[in-house]
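This report concerns the pockets of a protein and the pairing of some of its strands. Please consult the sequence and structure shown here alongside the text.

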Amino acid sequence: MGRPPTCRLELNVIDLRHFQHGNLPESLRQLLIDVHDDAYADAMDDPFNQRFPWFVDHWSGMEDFSCVVAYDGDEPTGFAYGAPLAPGREWWRSTDYEPHDGCSSTYAVSELMVRPRWRKQGVSERLHEALLKERTEDVAVLLVDVTHPKVQTLYESWGYTRVGERRPFADAPLLAVMVKDLRG
């Protein structure tokens, strides 16, 4: 019997770059829009997806905005961004969720997306971990389309719990509200 053939597995080395309000390069806005347009190429006729540049401007203008962009060489592969929510405006407020011991400072993970070519390689988890790594808030919250149960299951594997639903804008899809205790 001969030796089994060997497989050569090529792993992309992903570089994570961090950005915060106050040190955002001018090119970041367009980079985020371009990645979004690639990630949602088959759904860009949806008016909600067409408003993404407004969301970039809104979130990146927040004082404590933070963003992590993944690169494969010089090619942006995905990003995650968010900011703390003002007390009383947390997305989980419309649910029955109660933070542990009244600790309710909340970081909103507003966007997490990976371009199709780099999906299913762990990039989204690395982006998520890097975004939350140094956060000092008590709770992380994110919203996910209720018609995407696999995405909800992924977030649950990262420690999130679904606590309710909401539609933040009239043309937004119905979204599951998911929370994660950052203190535990």
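## Lining of the largest pocket

In this predicted model, the lining of the largest pocket is made up of 29 nonpolar, eight polar and nine charged residues. The pocket itself has a volume of about 1800 Å³. Of its 46 lining residues, Tyr40, Glu111, Leu112, Leu143 and Tyr155 are the closest to the centre.

Several elements each give two or more residues to this lining, among them helix H1 (27-39), helix H3 (52-60), strand S5 (139-145) and helix H5 (149-157). Strand S4 (106-114) is also one of these elements, and S4 provides the largest share, six residues.

## Second largest pocket

The second largest pocket has a volume of about 200 Å³. Its lining includes His18, Phe19 and Gln20, together with Ser66, Cys67 and Val68. Ala130, Leu131, Lys133, Glu134 and Arg135 also line this pocket.

Strand S1 (14-20), strand S2 (66-72) and H4 each give two or more residues to the lining of the second largest pocket. By type, the lining residues of this pocket comprise five nonpolar, three polar and three charged.

Strand S7 spans residues 175-181, and six of its seven residues are buried, so S7 is largely enclosed by the rest of the structure.

S5 and S7 run antiparallel and are joined by seven bridges; aspartate 145 has leucine 175 of S7 as its bridge partner. Strand S6 (residues 161-166) likewise pairs with S7 in the antiparallel sense, over five bridges. Here, glutamate 165 has alanine 176 of S7 as its bridge partner.

Methods:
Residues are numbered from 1 along each chain as its sequence is written. This is a predicted model: local features need pLDDT of at least 70, side-chain atom pairs count only at pLDDT 80 or more; totals for chains, interfaces and linings use all residues. Side-chain values use heavy atoms; hydrogens and water are left out. On a 1 Å grid over the protein atoms alone, a cavity is a set of points where a 1.4 Å probe fits but cannot get out, and a pocket is an open set with protein on both sides within 12 Å along at least five of seven lines; lining residues have an atom within 4 Å of a point. Grid points are joined across faces, edges and corners, and a volume is the space filled by probe spheres set on the points. Helices (H or I, at least four residues) and strands (E, at least two) are DSSP runs, numbered from the N terminus. Ala, Val, Leu, Ile, Met, Phe, Trp, Tyr, Cys and Pro count as nonpolar, Asp, Glu, Lys and Arg as charged, and the others, Gly among them, as polar. Buried means under 20% relative accessible area, exposed over 50%, partly exposed in between (1.4 Å probe, protein chains only). Two strands pair if DSSP finds at least two bridges between them.
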